[in-house]
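Subject: Structure handover

Hello,

Here is the structure I promised to pass on. My notes follow below it.

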Amino acid sequence: ASGEMKAPASIRLVVCILTQQGRGQDTLDMVRTLTFYNVPFTWVDQNPRLRFGLEYHDDNRLGYSLEVGFGNRHLNHKRLENLVWGEAYSFFEVRSEIKWYKLEAGQFSSYFGAEVFYYNMTDHLSNNSYYPDRNTEELLYDEADFRKEKIAFQFKAGIKFLATKRFVMDFNQGIGLAYRHIRYSNVVNPRIAVDDFDEWGWPESYKNGGKYLLLQFSPGVRIGMVIGRL
């Protein structure tokens, strides 16, 4: 009679699985989560674009993320009105990062990371100036095609909060080295700028043509949403 009161083994197994899944959904931690996030401040950057990505946080204190960003005249029209960029503005970037989570305390974690990224920006500029290379004179032009490429590697440190079961905030800081190449081509009416003192100090970076190795320094904020628990 006592055997008749027990549920079949298959039913008990299903109930056990569903119970464990329910507990996992109620736990405020980031282990084995897949997060979709946006980087909001790139929208108001000097090179405005939309940037978003995915991160998987495994159960061995490691995280893997991939981001892409893109901008153009149609997407960033309002922001570009206050900048030097023209009607042909186009921006694309891709970033890959691996993180090691030093601390994982429920809904809070801190991490160290290594990131590599590449971006490519092009435009057609008018009535401006540039320096073709180091130690060269400033040239004025009526029109010119502009292209900037950068590839960089940087070390990062950050903290991450899981505010609810799904909402994530990530604050980070990176430092590293970058290789930058700026090219001006199809320059119309180039001429040496004479007695032009309206710009003191260092010229804006987009005017410095040529290849440079630079120190890369990049604070960042990510806002994310947990879209899966694996």
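One cavity of 30 Å³ or more turns up in this predicted model. On a 1 Å grid over the protein atoms alone, a cavity is a set of points where a 1.4 Å probe fits but cannot get out; a pocket is an open set with protein on both sides within 12 Å along at least five of seven lines; lining residues have an atom within 4 Å of a point. Grid points are joined across faces, edges and corners, and a volume is the space filled by probe spheres set on the points.

The ground rules are brief. This is a predicted model, so local features need pLDDT of at least 70 and side-chain atom pairs count only at pLDDT 80 or more, while totals for chains, interfaces and linings use all residues. Residues are numbered from 1 along each chain as its sequence is written, and side-chain values use heavy atoms, with hydrogens and water left out.

The largest cavity has a volume of about 60 Å³. Its lining is Thr35, Tyr37, Glu55, Lys160, Val168, Met169, Asp170, Arg222, Ile223 and Gly224. Strand 1, strand 7 and strand 9 each give two or more residues to that lining. By class, the lining of the largest cavity has four nonpolar, two polar and four charged residues. Here Ala, Val, Leu, Ile, Met, Phe, Trp, Tyr, Cys and Pro count as nonpolar, Asp, Glu, Lys and Arg as charged, and the others, Gly among them, as polar.

**Overall layout**

The chain has two helices and nine strands. Along the sequence, they run α-β-β-β-α-β-β-β-β-β-β. Helices (H or I, at least four residues) and strands (E, at least two) are DSSP runs, numbered from the N terminus. Of the 230 residues, 37% count as buried. Buried means under 20% relative accessible area, exposed over 50%, and partly exposed in between (1.4 Å probe, protein chains only).

The largest pocket holds about 680 Å³ of space. It has 32 lining residues, and Asp45, Gln46, Asn47, Arg49 and Tyr119 are the closest to its centre. Strand 4 (90-105), strand 5 (108-130), strand 6 and strand 9 each give two or more residues to the lining. Strand 9 gives the most, with seven. The lining of the largest pocket divides into 12 nonpolar, nine polar and 11 charged residues.

Arg49 sits in the loop between strand 1 (33-38) and strand 2 (50-57). Arg49 is buried, because its relative accessible area is 6%. Its C-alpha atom is 6.2 Å from that of Gly69, which is 20 residues apart along the chain.

**Salt bridges**

The structure holds 18 salt bridges. A salt bridge is a side-chain nitrogen of Lys or Arg within 4 Å of a carboxyl oxygen of Asp or Glu.

- Glu67 and Arg51 meet at 2.6 Å, N to O. Glu67 lies in strand 3 (residues 62-72) and Arg51 in strand 2, so the pair ties together parts 16 residues apart in sequence. Both Glu67 and Arg51 are buried.
- Arg95 and Glu115 meet at 3.2 Å, N to O. Arg95 is in strand 4 and Glu115 in strand 5, 20 residues apart. Arg95 is buried at 9% relative accessibility, and Glu115 is buried at 1%.
- Arg222 and Glu97 meet at 2.8 Å, N to O. Arg222 is in strand 9 and Glu97 in strand 4, 125 residues apart. Arg222 is buried at 4% relative accessibility, and Glu97 is buried at 3%.

**Surface patch**

Val116, Ile151, Phe153, Phe155, Ile175, Leu177, Tyr179, Leu213, Leu215 and Phe217 form a nonpolar surface patch, with about 1,100 Å² of accessible area together. Strand 6 (139-162), strand 7 (167-188) and strand 9 (210-229) each give it two or more residues. Patches are made of residues with over 30% relative accessible area and no salt bridge: like charges are joined within 9 Å, nonpolar side chains (Val, Leu, Ile, Met, Phe, Trp, Tyr) within 5 Å. Accessible areas come from the Shrake-Rupley method with a 1.4 Å probe; for residues, only the protein chains shown count as cover. Phe217 is in strand 9 and counts as exposed, at 57% relative accessibility.

**Backbone**

Asn127, in strand 5, has a positive phi of about 50° although it is not a glycine. Asn135, in the loop between strand 5 and strand 6, has a positive phi of about 60°.

Best wishes
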